[in-house]
Amino acid sequence: MINIALPKGRLGVRVYKLFEEAGYEFTGILDNNRKLVFENKNLDMRCFWVKPFDVPVYVERGTADIGCAGKDILLERSPDVYELADLKTGFCRMAVAAKNDFIDDESKILRVATEFPNIAQNYYSSQGREIDIITLRGSLELAPVLGLSDVIVDIVETGTTLRENNLHVINYIADLSARLIANKSAYKFKCAIIDEIIKKLCSN
Ligand code: PRP
């Protein structure tokens, strides 16, 4: 059996649709209920919804043979897994954003609010800039607006959330999209089926 970890939420729905188009269907998976595990006995596959940040944990530990995770989460967690394919969906960018009237005083430690402390730290270390990281869980845009931070390091998709809160991008850090990842030993033993899944997912 192949076990697949899908990220709960918007990206997960997009990614599941790729699976469905590729012929891997899990009845009821998009129904509005609280069920987490879905099996297709004919395909000998099982799918489960996990929090997006947790997909690499399930895959790294082998509970899932494969999983779909945003590149943001892979950059943040650096899991010991194979990143096998760009699923070409969920395109967005990791960016630094600040209030429209923000002026950077480079002599000061920069206060950075983010859900991605490792990405932020790596980015500013590469710039040789000392920062104070404030780790938050969502609605990051509030931090500079209310004066909790100078900037945010966050995901930007359409830019609407920034615009509506009088913020703007000051630097782009990375291009992001959904990636297919695999457990290293599962890939060794199940590479034929995993490669077939990738081929079908990526040929649509
Ligand atoms: C993400 C991100 C931004 C928003 C960007 O938040 O953190 O807030 O999307 O999208 P946009 O550029 O299209 O406006 P999400 O909606 O996932 O919720 P969160 O704030 O709880 O993380």
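Tutor: With a definition: a salt bridge is a side-chain nitrogen of Lys or Arg within 4 Å of a carboxyl oxygen of Asp or Glu. Some notes on the source: this is a predicted model, in which local features need pLDDT of at least 70 and side-chain atom pairs count only at pLDDT 80 or more, while totals for chains, interfaces and linings use all residues. Residues are numbered from 1 along each chain as its sequence is written, and side-chain values use heavy atoms, with hydrogens and water left out.

Student: How many salt bridges does the structure hold?

Tutor: There are 11. In one of them, the side chains of K190 and D65 meet at 3.1 Å, N to O. K190 is in the loop between α7 (184–189) and α8, and D65 is in the loop between α2 (55–60) and β4, 125 residues apart. Helices (H or I, at least four residues) and strands (E, at least two) are DSSP runs, numbered from the N terminus.

Student: Is D65 buried or exposed?

Tutor: Buried means under 20% relative accessible area, exposed over 50%, and partly exposed in between (1.4 Å probe, protein chains only). D65 has 6%, so D65 is buried, whereas K190, with 26%, is partly exposed.

Student: Which residues are linked with R179 in a network of salt bridges?

Tutor: The network links K71, E83, D86 and R179. R179 and E83 meet at 2.9 Å, N to O; R179 lies in strand β11 and E83 in strand β5 (residues 82–86), 96 residues apart. For D86 and R179, the closest N and O atoms are 3.8 Å apart. D86 is also in strand β5, so its pair with R179 ties together parts that are 93 residues apart in sequence. R179 counts as buried at 12% relative accessibility, while E83 is partly exposed at 37%.

Student: What is a nonpolar core?

Tutor: A nonpolar core is a set of buried Ala, Val, Leu, Ile, Met, Phe, Trp, Tyr and Cys residues joined through side-chain atoms within 4.5 Å. In soluble globular proteins, nonpolar side chains tend to be buried together. Here the largest core has 27 residues, of which I4, L6, F19, F26 and L180 touch the most other members. Elements that each supply at least two residues of this core include β1 (2–7), α1 (10–21) and α8 (191–203). A second, separate core has 16 residues, among them C92, F116, Y123 and Y124.
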